[in-house]
Amino acid sequence: MTAVIDPPRPSTSKRRPFEGWGAAVGAALSTLATALIRISSKLYGEARERGGAALTDFQARPEHSRYRAYALGGYGVLVAATLAAQFYSENSLGATVRVEKVDMPALTQVFVRNGSDDTWRDVKLTLNGIYTYETLAVQPGAFILLPVERFALFAPDGKRSFAAKNTVPKTLLIETRDKRYEAELKP
């Protein structure tokens with residue numbers, strides 16, 4: 001019995017563009033990563049040796065020069081802590097709050113501005129811990145300007161009584177869906 005072997009057929013598929021480039025890119029990235037590792041190892045090794053030599057040199061110095069270094073380091077820590085305390089703010093909302101008095105007609109208004117980049121949602125303003133005003137949202141850069149008589153006190157039965165025109169604003173609590181800020185107001 002004789003076996004019939006088909007002759008090889010010519011390939012009908014065309015070579016795709018960029019075929020085989022993946023292996024070349026992978027090899028190039030591998031070479032680049034190896035080079036970066038060698039360079040960084042050399043640099044960090046030198047830094048470690050220099051740091052060890054500096055520590056040995058520092059420990060060999062007289063005591064008064066070491067105390068001077070400790071004092072300067074302590075001073076640097078105090079300066080850094082002072083700067084951190086200066087940049088800390090309890091106003092996580094970025095709110096600007098002020099009282100505006102109007103002479104004609106005689107009324108007092110409360111100005112609240114959203115100075116943050118976020119939209120305040122489910123906003124509740126509480127004046128003097130008693131009277132409230134609610135709104136759904138305050139967009140970034142937008143403001144609310146309310147006369148004090150727009151703040152209301154809600155009774156358990158659902159009735160509301162508004163603040164008097166001569167109410168003196170002392171505090172304003174701003175509550176949103178996830179943050180809060182209380183401001184002391186100066187009339």
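How many aromatic pairs does a search of the whole structure find? The search finds three, and one of them is taken up in point 4 below, after some remarks on the predicted model as a whole.

1. Confidence. This is a predicted model, and its mean pLDDT is 85, with 91% of the residues at 70 or more. Confidence is lowest in helix α1, residues 21-60, where the mean is 86, and highest in β3, where the mean is 94.

2. Overall form. The protein has two helices and nine strands, and along the sequence these follow the pattern α-α-β-β-β-β-β-β-β-β-β. The radius of gyration is 36 Å, whereas a compact globule of 187 residues would have one near 16 Å. The C-alpha trace spans about 110 × 85 × 35 Å along its principal axes. Buried residues make up 22% of the 187 residues, and among contacts with a separation of 6 or more, 45% join residues 24 or more positions apart. S41 itself counts as partly exposed because its relative accessible area is 45%, a value between the limits of 20% and 50%.

3. The nonpolar core. The largest nonpolar core has 22 residues, of which W120, L125, L127, F151, L172 and I174 touch the most other members. Two or more residues each come from β1 (95-102), β2 (107-114), β3 (120-127), β4 (131-138), β5 (143-147), β8 (171-175) and β9 (180-184), and the largest share, four residues, is that of β3. Once its neighbours within four places in sequence are set aside, L127 is in contact with V110, V148, F151, P169, T171, L172 and L185. In soluble globular proteins, nonpolar side chains tend to be buried together.

4. Y133 and F151 form an edge-to-face aromatic pair, with 6.3 Å from centre to centre and 65 degrees between the planes. The pair links distant parts of the chain, since Y133 belongs to strand β4 and F151 to the loop between β5 and β6, 18 residues apart. F151 counts as buried because its relative accessibility is 0%, and F151 is also among the core residues that touch the most other members. Elsewhere, the charged end of R98 sits over the ring of F111, at 4.1 Å from the centre of that ring.

5. A buried threonine. T108 lies in strand β2 and counts as buried because its relative accessible area is 8%, which is under the 20% limit. Leaving out neighbours within four places in sequence, T108 is in contact with V99, E100, K101, L146, P147, V148 and P169.

6. Backbone points to check. Most residues other than glycine have a negative phi. D122, although not a glycine, has a positive phi of about 50 degrees; D122 lies in strand β3 and is partly exposed, with a relative accessible area of 40%. N128, also not a glycine, has a positive phi of about 55 degrees, and its place is in the loop between β3 and β4.

Terms used. Residues numbered from 1 in each chain as written. Predicted model: local features only at pLDDT ≥ 70, side-chain atom pairs only at ≥ 80, totals over all residues. Heavy atoms only, no water. Core = buried A, V, L, I, M, F, W, Y, C linked by side-chain atoms within 4.5 Å. Buried < 20%, exposed > 50% of the residue type's maximum accessible area, 1.4 Å probe, protein only. Contact = heavy atoms within 4.5 Å. pLDDT = per-residue confidence, 0-100. Phe/Tyr/Trp six-rings, centres within 6.5 Å; stacked < 30°, edge-to-face > 60°. Lys NZ or Arg CZ within 6 Å of the ring centre and 35° of its normal. Rg over C-alpha atoms; globule rule 2.2 N^0.38 Å.
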